[in-house]
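Open your viewer and get ready to click along. We will take this tour one selection at a time.

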Amino acid sequence: MTKGIVVPHDAEAALEVREFSEFGDYQQAVGGWIEAVNIPSLGVMVFVNEEGLLQHLPLNSRMTFLWWFHVPEARQRAMLVGNAVIVGAPDEDGNTTDVPETVLSLLTETLVYRVEVQVIGETEWHRNAAKYTDYWEAVIWAMLLLERWALATDVRVVPVLDQDVLPIFREDTL
């Protein structure tokens with residue numbers, strides 16, 4: 001059995017952590033023959049419907065932006081459609097492995113994130129006050145920022161730490 005995450009194409013639908021025991025389980029989850037898409041920086045492989053584009057399946061915005069964020073050469077070249085399944089990278093025998101616990105936590109737990117950006121000619125990271133309540137939302141905004149802001153050369157998503165929270169000043173202390 002392999003533990004994976006089903007990511008529905010409907011961005012409002014909840015993710016489903018599921019056990020997969022055979023090839024047909026992946027096919028059922030994506031609605032057809034599967035194609036593997038690797039995201040090496042996360043140590044995962046994503047299964048999508050191999051004929052999804054031909055079948056005009058709906059865009060899976062969460063998976064597409066996650067793929068673009070972690071695999072820059074895929075940006076604006078292809079998109080992922082239909083439901084997707086995230087599992088761990090294959091082992092030395094080519095068998096699927098469980099989705100890494102770090103990725104499972106990253107994609108399913110509610111934390112607060114912010115987007116940081118580098119601009120042309122600078123090496124430091126800049127941020128604004130915007131905060132996002134999950135990793136998916138932060139990744140989408142990071143990719144939109146990179147696409148829309150001509151001065152942006154790179155983006156990253158970082159968790160908001162306690163020291164990142166600005167103090168709230170009461171009027172009587174000013």
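**Start with confidence**

Where pLDDT is low, the predicted coordinates should not be read in detail.

Two notes before moving on. This is a predicted model, in which local features need pLDDT of at least 70 and side-chain atom pairs count only at pLDDT 80 or more, while totals for chains, interfaces and linings use all residues. Residues are numbered from 1 along each chain as its sequence is written, and side-chain values use heavy atoms, with hydrogens and water left out.

**The sheet**

Next, show the cartoon, in which helices (H or I, at least four residues) and strands (E, at least two) are DSSP runs numbered from the N terminus. In what order do the five strands of the open sheet lie? Reading across, you meet E2-E1-E5-E4-E3, with antiparallel pairing; two strands pair if DSSP finds at least two bridges between them. E2 and strand E3 (34-39) are at the edges with a single partner strand each, so one side of each has no neighbour in the sheet. On average, neighbouring strands are turned by 30° against each other, direction ignored. Such angles compare N-to-C directions from 0 to 180 degrees, using axes that are lines fitted to C-alpha atoms, for helices over the stretch in contact.

Zoom in on E3 and E4, an antiparallel pair joined by six bridges. Select Val37 and you will find its bridge partner in E4, Val46. Then pick helix H3 (residues 101-108): this helix packs on the sheet, touching E1, E2, E4 and strand E5 (84-88). The direction of H3 makes about 25° with that of E1.

**Two loop residues**

Is Asn60 buried (under 20% relative accessible area) or exposed (over 50%)? Select Asn60, in the loop between strand E4 (44-49) and helix H2 (61-70): it counts as buried, at 1% relative accessibility. Its side chain reaches the backbone oxygen of Gly82 at 2.9 Å. Beyond four places in sequence, the contacts of Asn60 include Val7, Pro8 and His9.

Last stop: Ala11, in the loop between strand E1 (2-7) and strand E2 (16-20). Ala11 is partly exposed (between those two limits, with a 1.4 Å probe and protein chains only), at 38%. Ala11 touches Ser61 and Arg62, not counting residues up to four places away in sequence.

Conventions:
Contact means heavy atoms within 4.5 Å. A polar contact is a pair of N or O atoms within 3.5 Å; within protein, one must be able to donate a hydrogen and the other to accept it, and residues adjacent in sequence count only if both atoms are side-chain atoms.
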